[in-house]
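Please examine the charged side chains and the packing of helices in the model shown here.

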Amino acid sequence: MCKIVESDLFRQPECRDVLLPLITDQLSGQLDDHSCKPDYEACVQLLSTVLDNLGRKDVGPTRGHIQLIMERLLRRVNRTVINMDRSSPLIGHYLACMTAILKQMDDMHYTHYISTFKTRQDIIDFLMETFIMFKYLMGNVFPADWMVMNLVQMQVFLRAINQYSNVLNRLFLDQTHFELQLWNNYFHLTVAFLTHKSLQLESFSQEKRNKILNKYGDMRKTIGFKIRDMWYNLGPHKMKFIPAMVGPILEVTLVPEPELRKATIPIFFDMMQCEHNFSPAHNFRKFENELIKKLDQEVEGGRGDEQYKVLLEKTLLDHCRRHRYLSQSGEELALLLSSLLENLLAYRTITQDGSPEHRMSCTVNVLNFYKEKKREDIYIRYLYKLRDLHLDCENYTEAAYTLLLHAELLEWSDKPCAPHLIPRDGEYMWTQQELKERLFQEIIGYLDKGKMWEKAIELDKQLAKMHETHMFDFMELSQLLKNQAKFFENIMHAMRPQPEYFAVGYYGLGFPSFLRNKRFIYRGKEYEWLEDFTQKLLSQFPNAVRMTSTAPPGDNICNSPGQYIQSFTVKPVLEVPPQFKDKGVPEQILNYYRTNEVDQFQYSRPFRKGEKDPDNEFATMWIERTTYVCAYHFPGILKWFEVKSVSVEEISPLENAIETMEKTNEKLSNLVQQQAYDRSLSVNPLSMMLNGIVDPAVMGGFSNYEKAFFTDTYIQDHPGDHERIEALKHLIALQIPLLEEGIRIHGEKATEQLKPLHNHLVTCFQDLREKVEALYGVITLPCSLTEKKKSRVGSVVMPYILSSTLRRMSTASTLSSASSGLSSGSASSDGHSLDDRRASVLSRSEDDNRIDRKNRKEWSVSKSQVLLERLSDTEENSPDKQQRPKSLQLGDRRLTLSLFHGVSSQLSLSNPLSPLPASPNTPHTPRSSSYSSLLGDNGANTIDTPGTPPPMPPKKHLHEIDNPGIASEHFTPPLPMKIESKPPPPPPKTRKSMFPS
């Protein structure tokens with residue numbers, strides 16, 4: 001038969017009229033579904049030869065012959081292709097035959113062929129299998145580089161689809177005969193056709209693109225316009241395709257063809273309008289949720305661009321604002337979609353970048369968006385993307401905090417987890433309690449790697465409580481308690497470097513939108529310093545310029561097209577937890593809160609105001625202190641957070657001096673404690689600090705303060721600084737007992753090589769002490785500051801004493817002229833009597849007691865919380881606690897510093913410092929027990945412990961006490977009233993506390 005078809009006989013129309021029915025009968029029999037052993041190869045060869053001859057122009061009329069083949073063989077060929085395996089070498093031949101048949105059919109053929117079906121169901125079956133077959137075969141049979149063959153196939157399919165769409169409109173659109181599945185298959189076929197890769201002209205070179213357009217045109221526009229028309233033809237049936245058709249229509253609109261986008265984006269508004277009209281709630285919630293979900297998938301897959309974002313927003317806004325009921329809600333959705341697209345496009349751009357930090361930032365922006373919209377399914381997906389990025393960078397702490405956000409969505413209950421709550425790598429159907437426990441275990445592991453044991457203990461306790469009171473799994477509980485014990489031990493003994501924090505500003509229009517002209521606080525890695533950190537930033541932006549100034553840039557830099565990076569170190573502001581206030585807390589525990597659980601950071605920049613004093617630069621040295629407040633606490637789900645607010649204050653030279661002295665005292669106090677508690681520590685740091693303070697060549701800096709702030713000229717020019725000046729004098733006086741204790745410990749630990757230095761320190765200190773005590777008074781420290789506290793298991797507990805503790809806990813009293821620490825010469829250098837001095841001291845005490853809390857806070861520069869030590873039960877029940885402290889008698893000018901109720905021993909300043917002998921004119925003053933009331937800012941007792949002495953009797957004036965000497969043995973003397981008579985000339989100043997006790 002092939003030979004007959006190939007002969008000239010078959011080219012004669014009359015002969016074809018006789019031969020073709022016989023040939024089609026043979027092919028139909030072979031390709032029948034019930035044929036036993038069809039010869040597919042011979043059949044396709046014969047059919048191909050027939051179609052080749054009918055396609056020639058020199059064979060006469062062929063319309064009737066094409067109709068015969070269409071009626072008898074088209075359905076057979078279609079089913080053969082559908083049933084044939086894609087790997088078969090013959091499927092391409094059969095597809096070519098089917099394409100040839102369709103290509104040679106005209107409009108009349110299509111109309112006639114549909115009329116040959118006897119029932120409506122037969123037409124539905126034919127169209128269904130044709131739509132499925134077209135979608136299955138498009139571009140998937142011939143190799144991708146067979147461009148002409150693929151384009152011819154697509155062109156033929158496009159014409160057939162258009163013909164079949166007319167059938168849909170004519171037969172299956174009315175309310176009675178509407179076929180939802182048939183229409184659904186049609187839309188999915190047309191969308192697949194429009195988005196097929198062989199039609200995406202943007203992926204071709206310009207020359208190839210022009211050839212395709214000249215020969216075939218842009219078939220995407222043709223099918224896209226048909227989709228739009230078919231959608232609008234649906235009428236009341238549109239609601240049946242919402243939200244299922246939102247995704248396919250979105251794919252159409254994302255094709256980068258401007259005319260096609262303008263034609264199809266309005267379909268979204270039509271969907272919004274349909275759902276609003278037909279839904280009981282009169283909203284378009286289904287459409288909105290589906291569009292957000294599909295938009296995320298499509299943009300992440302590489303579709304969409306900035307032009308699409310602008311066009312989508314503009315089109316929706318134009319349509320919604322003209323609508324009576326959708327003007328507000330539609331406008332909100334349009335702006336929301338625009339914001340989402342901006343974040344998604346930035347995320348997609350950064351994922352192609354090599355910087356994991358930028359990818360983390362964009363991921364957080366996207367997940368925050370979904371958290372706000374309560375789309376937990378997409379939100380959780382991005383959480384795990386962020387976790388993986390952190391693990392790749394070994395940011396275990398941040399990975400733990402990221403995973404904690406997932407755990408917070410779950411409850412401690414046996415409710416089954418919703419599918420979207422289960423992580424992407426989980427197939428097991430968890431209950432919420434099981435999944436939350438599993439997440440907690442993973443989080444605790446990450447926190448342990450990140451040395452965040454405090455947070456790990458917090459989560460471990462939650463798990464332990466559940467196992468103890470709800471699950472009753474005591475074996476697991478025992479393991480959790482062992483973990484807690486290990487974490488507590490790590491806190492006290494493991495080495496944990498404190499991270500540095502850096503302020504970073506990205507200025508200029510050359511940065512991405514999520515960085516442009518914004519400031520951030522970065523948490524550095526272990527042992528990461530500013531220079532290394534800055535170099536890492538500059539490596540991410542090779543064209544950026546590093547700014548040398550720490551001042552905020554001007555508009556010329558912010559609006560420039562370049563990139564400018566500003567980075568400098570900032571100090572976190574300590575926020576002591578409430579449970580640690582007024583308690584002795586070891587430094588290891590306190591150190592955690594110095595760099596964790598913080599959201600405020602400070603940067604101090606010195607500057608001069610007024611003319612520079614050549615003799616003393618401290619008088620004009622001001623501090624500009626900038627405080628940055630971040631959006632979230634550190635640590636968190638990122639190693640950096642944006643700065644949300646900035647405040648600037650100016651610190652006067654006097655306030656700066658107070659700060660400096662407080663920091664020095666705090667550092668010295670705790671260095672002395674460390675040396676006293678651990679004798680194995682090197683004495684060199686103590687030697688350096690003591691020498692820097694007591695050496696007359698240095699004088700610790702406060703000699704400059706005396707020249708700058710204690711002069712009559714300064715006091716007259718600055719009458720409002722009286723309290724601050726007194727505070728500075730108090731801090732200078734407070735340094736003496738700290739130095740004495742430090743020199744004592746230094747003498748005990750000094751080696752033979754250090755003895756000359758120690759002798760030099762002792763000599764310098766004696767001179768320094770005499771001067772300070774004569775001018776600013778005497779302060780002694782209780783031994784409780786340096787004595788070792790034993791825990792129940794015998795381990796040493798060393799509380800960290802802040803500078804505010806030292807300053808606040810000092811108590812004032814008077815001291816006789818023979819008091820320890822003052823030489824006879826200095827005690828009477830001005831020739832005034834002891835009564836005069838007492839009157840002066842009491843007068844100043846009365847004035848100071850009138851300083852209210854507000855005024856004290858104005859000059860109190862240290863913002864640290866006060867940490868107090870609490871005595872053990874043995875000390876609280878000591879019988880000495882009930883005794884009247886002799887150190888507070890009116891005839892005694894010694895100032896006592898006490899940190900808690902009970903025994904408060906004094907370190908006598910008259911104790912000789914080795915190797916210098918004590919002065920023969922200075923008698924030894926024995927230690928005395930004292931009871932100190934711990935006062936708050938309002939002057940009331942803030943601690944009420946068992947064994948507290950009974951309340952003091954009503955206060956009396958000095959002239960009302962019959963026997964002051966006896967009375968003072970039983971109660972604390974009242975604060976004296978101000979002496980109205982003119983006081984005598986002031987004696988050598990004796991320091992007292994700025995905080996009365």
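The structure is a predicted model, in which local features need pLDDT of at least 70 and side-chain atom pairs count only at pLDDT 80 or more, whereas totals for chains, interfaces and linings use all residues. Residues are numbered from 1 along each chain as its sequence is written, and side-chain values use heavy atoms, with hydrogens and water left out.

R496 forms a salt bridge with E454, and the closest N and O atoms are 2.8 Å apart; the term denotes a side-chain nitrogen of Lys or Arg within 4 Å of a carboxyl oxygen of Asp or Glu. Because R496 lies in the loop between α23 (474-493) and β1 (501-507) while E454 belongs to helix α22 (residues 453-471), the pair ties together parts that are 42 residues apart in sequence. Helices (H or I, at least four residues) and strands (E, at least two) are DSSP runs, numbered from the N terminus. E454 is buried, its relative accessible area being 14%.

How many salt bridges does a search of the whole structure find? The search finds 45. In general terms, side chains of opposite charge can pair when their charged atoms come close. One of these bridges joins R79 and E129, at 3.6 Å from N to O. R79 lies in helix α4 (residues 63-83) and E129 in helix α7 (residues 120-137), so this pair ties together parts that are 50 residues apart in sequence. R79 is partly exposed at 29% relative accessible area, whereas E129 is buried at 16%.

A further bridge links D107 and R159, with an N to O distance of 3.4 Å. D107 is in helix α6 (residues 107-115) and R159 in helix α8 (residues 147-171), so parts 52 residues apart in sequence are tied together by the pair. D107 is partly exposed, with a relative accessible area of 42%, and R159 is partly exposed at 28%. Salt bridges also link D296, E300, R381 and K385 in a network.

K436, in helix α21 (residues 432-449), is buried yet has no salt bridge; E408, the nearest side chain of opposite charge, is 8.2 Å away. For such assignments Lys and Arg count as positive and Asp and Glu as negative, while His and the chain ends are not counted. Not counting residues up to four places away in sequence, K436 touches A407, L410, E411 and W412, contact meaning heavy atoms within 4.5 Å. K286, found in helix α15 (residues 285-300), is exposed, with a relative accessible area of 52%. Leaving aside neighbours within four places in sequence, K286 is in contact with P243 and E275.

The axes of helix α28 (residues 684-694) and helix α32 (residues 755-776) come within 9 Å and cross at roughly 35°. The contact is made by S687, L690, N691, I693 and V694 of α28 and by L757, H760, L761, C764, F765 and L768 of α32.

Notes. Axes fitted to C-alpha atoms, helices over the stretch in contact; angles between N-to-C directions. Buried < 20%, exposed > 50% of the residue type's maximum accessible area, 1.4 Å probe, protein only.
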